[in-house]
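Hi,

Here is the structure I promised to pass on.

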Amino acid sequence: MATVNVRRDVKDSFYRYKMPRLITKVEGKGNGIKTVVPNMAEIARALSRPPAYPTKFFGCELGAQVKCDDKNERYIVNGEHDANKLQSILDGFITKFVLCPSCQNPETDIIIKNDDILMDCKACGARNMGENRHKLATFIVKNPPATASKNQRRQRKAAHAQANGTDENGMPGSPVQEDLDEDGEEADIITKRINKQAAGLSFESQLANEDWSEDTSEQAVAARMKELSVKGIGGAFAGGGDDDDDEGGADRYESFGVWLEEQGSDISDKEIIAKADELGVLGKYKSCQVLAQVLFNDTIVQQIPKREKLLAKFVTGEKHQKYLLGGIERLVGLEYKDALLKKMPAILMKIYDTDLIEDDVFIKWGEKPSKRFVEKDVSKEVKKASKPFLDWVATAEEESSEEESD
């Protein structure tokens, strides 16, 4: 099936968001003539919208009656309409009800709140007021979409990947791959540029992403680790517990943190795992805090997908999940507040996409400020900045619970 860019104004053939080209079939004659869109369900899946939305949009724009048969996936617009005309109208639907107003990325979900349509973007983390003046808005408010679940997001990825001629993991054969290839090696710089431009992001050179400004001299590392010890790497781990049941437990985490700091961001997953095993902190939940706080920097949004396999080796239980969030809370709240505070929804979404942290852990973490990892006022700031993501997760969890009850 032929595909087109979701944003047809983007002429780049490597644009990652694709959808099937709209197909029409005219049936009947005279007053009973009608136009069927045989692939409306596939188009809707690529846009992550119910098929009834674009079909009703056609009716609003053309002043024609429509019929939506979800059971048989049959969507009809009364009258004779050619494919090019409906494709152009579909562009208007995408602009109004799919693209993020902030970044023009189609990775959005519709949320209904107080009879208003909100556009929740998973790419940039923004939540904007949607198009509420169009006739279709009334229909959407009365027929809200099911909140996106992990399975729905996987289906969306699969739909985009299918349109690109790949599997949902973007394995070889895709014009655009993730930052890592199938062997875990870093993708070429041109592919990264395409990926970032396709997401509406400005491209920064690879050198700009490297943390060249870090002073890794013995004195600087010692000073930094002293600060970390006061704020948590040593102090927070000085107490007892399952992770510190042997003598010198806190020192092991401090040693792990010092070693990570000395190695820099280019250290391989294999080396980190070997060192953690050597120090006896591999599998310990408190090592997750050290890992998040020391390994990542102000480019954490780009780093998380590259370190997904590494994180999976460390995060193996609920306590590990909590301490990973605690490490991120410290990283953002204490070290990169100016650069990362507004990016908290995007950071948490990247973590969420790894499937390492359960929904209820996110919800409990965000319920109220805590001084477990940082000062209470800092915790309050971080969790307030995370609210768009936390609201979305809470809504998704409620929807999931209701479906299970049904």
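Below is what turned up, going from the overall picture to single residues.

First, the ground rules. This is a predicted model, so local features need pLDDT of at least 70 and side-chain atom pairs count only at pLDDT 80 or more, while totals for chains, interfaces and linings use all residues. Residues are numbered from 1 along each chain as its sequence is written, and side-chain values use heavy atoms, with hydrogens and water left out.

**Overall**

The protein has 19 helices and nine strands, taken as DSSP runs (H or I of at least four residues for helices, E of at least two for strands) and numbered from the N terminus. Of its 406 residues, 46% are buried; buried means under 20% relative accessible area, exposed means over 50%, and partly exposed is in between (1.4 Å probe, protein chains only). The accessible surface is about 20500 Å², with 46% of that belonging to carbon and sulfur atoms (Shrake-Rupley, 1.4 Å probe). Among contacts with a separation of 6 or more, 60% are between residues 24 or more positions apart, where contact means heavy atoms within 4.5 Å.

**Aromatics**

A search of the whole structure gives 13 aromatic pairs. The criterion is Phe, Tyr or Trp rings (the six-membered one for Trp) with centres within 6.5 Å; planes under 30 degrees apart are stacked, over 60 edge-to-face, and the rest tilted. One of the pairs is F57 with F93, edge-to-face at 5.6 Å centre to centre and 65 degrees between the planes. F57 sits in helix α2 (residues 52-62) and F93 in helix α3 (residues 83-97), so this pair ties together parts that are 36 residues apart in sequence. F57 is buried at 2% relative accessible area, and F93 is buried at 0%.

Y323 and F373 are another edge-to-face pair, at 5.2 Å and 90 degrees. Here Y323 is in helix α14 (residues 318-335), while F373 is in the loop between α17 (359-366) and α18 (376-385), 50 residues apart.

Y352 is one of the buried residues of α16, a helix (residues 344-353) in which eight of 10 residues are buried. Just after α16, D355 has a positive phi of about 65 degrees.

**A loop proline**

P145 is in the loop between α4 (135-142) and α5 (150-164), and is buried at 19% relative accessible area. Leaving aside neighbours within four places in sequence, P145 is in contact with P50, Y53 and I110. P145 and Y53 are 92 residues apart in sequence but 9.6 Å apart C-alpha to C-alpha.

**Salt bridges**

I count 13 salt bridges, each being a Lys or Arg side-chain nitrogen within 4 Å of an Asp or Glu carboxyl oxygen. D120 has one with K122, the closest N and O atoms being 2.2 Å apart, and one with R127 at 3.7 Å. D120 and K122 are both buried, whereas R127 is partly exposed at 25% relative accessible area.

E381 pairs with K337, closest N and O atoms 2.9 Å apart. E381 lies in helix α18 and K337 in helix α15 (residues 337-340), so the bridge ties together parts that are 44 residues apart in sequence. E381 is partly exposed at 33%, and K337 is partly exposed at 26%. Finally, salt bridges with shared partners join K25, E27 and R74 into one network.

Cheers
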